[in-house]
Amino acid sequence: MSVATAAINYIYTNTFAKVELSDGVAIVWMDLEGEKINKVGPATIAIMEPMMENIQQNPEVKAVVLMSKKKDFVAGADVEAIYAMKNAGEWEPIARQAHRLLNLMESSPKPIVAAINGAALGAGLELALACHYRIATDEKHTLVGLPEVQLGLLPGGGGTQRLPELVGVRVALDMMLTGKKVFARKAKKLGIVDRVVNPHALLRAAKNQALSMAGKKIVRKNKLQVSDKLLEGTPVGRSIMFSKARETVTAKTQGNYPAAFKIIDCVEIGLKHGRKAGFEAEIRHFDELTVHPVSKQLMGIFFNMTAKKKNPMQELVRPISKTAMLGAGFMGAGIAEVNAKNDIHTILKDIKTETISSAKRTVWDNLSKRVKKKAMGFAEREQIMNYITGQLDYRNFDKVDMVIEAVFEDLDLKKRIIKEVEAVTHDKCIFASNTSALPIKAIADAASRPELVIGMHYFSPVPKMPLLEIIVTDQTADWVTATALDIGIRQGKTCIVVKDGPGFYTTRILAPLMNEALLLLEEGGDILQIDKAAQQLGFPVGPVTLMDEVGIDVAAHIMTGDLTAFFKERGAEKFKMSSAPLSLKNAGYQGRKNKVGFYLYDEKGKKKKGKVNEEVYRFFGGQERSQFKNKDIRNRLMMMITNEAARCLEEGILSNPTDGDVGAIFGLGYPPFTGGPFRHIDSVGADAIVSKMNKLAETYGGRFEPAQIIIDYANAGKKFHDS
């Protein structure tokens, strides 16, 4: 610590903040040295406590404002420091020091105002909750929330007590159990922040508010709705509320995520026995979670996501000033939207005016939802829409640097289109195909510039799904790969790069999982039981539901094309393929899109909960069904997808295990708590996986024979990941 010179009027400085005295207000400018974001960790806590004590003892200070010099207020806790914990008990002294700091702030006789611009998440919001007043800006990147559950943790800085006290238990639990983040105006409505202002007015508003509170008793009023007051105000009501919360969490997580239950415990303890007991429970449970295997896996995913925001080939990237989108269907509209939202001009071409109009209306409607939430202004919506130009011809394609096609999955059609595109674009224009299964090399064979052809496999719905699978052939130029990565990162996607091959990576490993579900049905299995078993594993939806969602016709297309031929090359004993998708397609079954699938749907296409279309069983030997052991179903499904992922690494489709984990989780919903297929093999043990698969192979056939790479790792005692 060093006392700053009077010339700049800093009364205190450290590596986390500089304290400026202005009109009797101590403005704590948070600006963590050497980091792009402000985050709270052991070192930060250690230097903040004496800083706050110094401010409180300074007679010239009447009030305090906490504000950031960075883009965000405080982005959260130092996850790297938490991940480094090896043993239970290591984090507890750090947590206690953090609680001392926050209690010191909360009990300060001098009012403290949090001036929030940008993200105040996790420990950042907990820091703000310990202040006496919170003002947030109406910027679109201003968000507040306690998303620790997404890392397998819980709010460890008093959040499980202060947030419920402020907004009520129901709202607080909803935010903490889902990791939900809310924009400033919604936060004000809930009572999390007290005022919303323009960013330019933030400092002035915070200073004036702090001075107006100086020397006065600070009294806060919560904003509980009448119904919440009635529910939370009685022991019976509270009992019902916590029971319902645990029931909901159990249904959604299948018990795979312990942090959610510990959050409920902390809130309930605080409500029953007082906030001191609640704080103690929070400290104890947080410490336990820092070393829990699930938390370690989820934090590992977080690190992978963060690393994927950087382009390892940045030096090869060539600028893209304008793109073109061929096909204005659901996928085309989604890709155009993520382009436009990230300032990428896009020509949206289709053969039908009504399809283009529908696509633009879809984008408009999606943006309007954000406008309604006050997360976007009217002018910004108009500006984004101006980035999309709809047309029926190839006008101005000579000015386009990248063309992305999302037309029907027909190889001849795509070959014809690539020839048309090459005729109207310049000789360095990238051609990207959004195919989910057709070989990129087969498309590139029709090109005169095959080095410019690449696959960019988006997932539906594009604006929501985080993964982009980029597929390269042996001919794809490195700068083309680098530029496709750059576009994906600009679109906000988590990208993986894989080699070309039947089904690439994600479709290839999904196909055996869905096929196994169909084989279970052929053996007399029950649709509901199969889907439930998959959800117990941690998949967001079961494989049968997924077939209805993706489209039975799409599944039939995939399972009768090059990918199926690839699997059949292993031999009948090595891969048994169900013929049901093709039979279902020929009988008119498409799934949810035409409301004729494995499940029953209402007139609006919404699935009737728990209602199976019994007629579908005629394609699987009749309506008489058997109940299998859930464990057997889970093992068959999990080993199928995991083994195929290992084969992809073995064959060079994947360049590393991390991309395999990221692709499986963010593209297919592989259970996140496992860390992905390769983390799963590591945690269970390659030898245990080999043993389990050999037993399955003895019972169900050679398709369960473990990949050679898993056998090799088992024999060598190796892991796919070093840590």
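1. A cavity is taken here as a set of points, on a 1 Å grid over the protein atoms alone, where a 1.4 Å probe fits but cannot get out, and its lining residues have an atom within 4 Å of a point. The model is predicted, so that local features need pLDDT of at least 70 and side-chain atom pairs count only at pLDDT 80 or more, while totals for chains, interfaces and linings use all residues. Residues are numbered from 1 along each chain as its sequence is written, and side-chain values use heavy atoms, with hydrogens and water left out.

2. The second largest cavity is lined by Asp138, Glu139, Lys140, Phe183, Ala184, Arg185, Lys374 and Ala375, and its volume is about 40 Å³ (the space filled by probe spheres set on the points, which are joined across faces, edges and corners). By class, this lining holds five charged, three nonpolar and no polar residues, where Ala, Val, Leu, Ile, Met, Phe, Trp, Tyr, Cys and Pro count as nonpolar, Asp, Glu, Lys and Arg as charged, and the others, Gly among them, as polar.

3. Helix 6 (residues 169–178) and helix 10 (residues 235–253) pack at an angle of about 20°, with their axes 11 Å apart, the axes being lines fitted to C-alpha atoms over the stretch in contact and the angles running from 0 to 180 degrees between N-to-C directions. Helix 6 is therefore roughly parallel to helix 10, given that angles under 35 degrees count as roughly parallel, over 145 as roughly antiparallel, 65 to 115 as roughly perpendicular and the rest as oblique. In contact (heavy atoms within 4.5 Å) are Val169, Arg170, Leu173 and Leu177 of helix 6 with Met241, Phe242, Ala245 and Val249 of helix 10, a set with seven nonpolar, no polar and one charged residues.

4. Helix 10 also packs against helix 11 (residues 258–273), at an angle of about 170° and with the axes 10 Å apart, so the two helices are roughly antiparallel to each other. The residues of this contact divide into eight nonpolar, two polar and four charged. In the loop between helix 10 and helix 11 lies glutamine 254, whose phi is near 55°, a positive value in a residue other than glycine.

5. The axes of helix 26 (residues 630–650) and helix 30 (residues 708–716) come within 8 Å and cross at roughly 90°, which means that helix 26 is roughly perpendicular to helix 30. Asn643, Ala646, Leu649 and Glu650 of helix 26 meet Gln708, Ile709 and Ile710 of helix 30, and by class these are four nonpolar, two polar and one charged.

6. A further backbone feature is the peptide bond from serine 460 to proline 461, which is cis, with omega near -5°. Proline 461 sits in the loop between strand 18 (453–458) and strand 19 (467–472).

Methods:
On a 1 Å grid over the protein atoms alone, a cavity is a set of points where a 1.4 Å probe fits but cannot get out, and a pocket is an open set with protein on both sides within 12 Å along at least five of seven lines; lining residues have an atom within 4 Å of a point. Helices (H or I, at least four residues) and strands (E, at least two) are DSSP runs, numbered from the N terminus.
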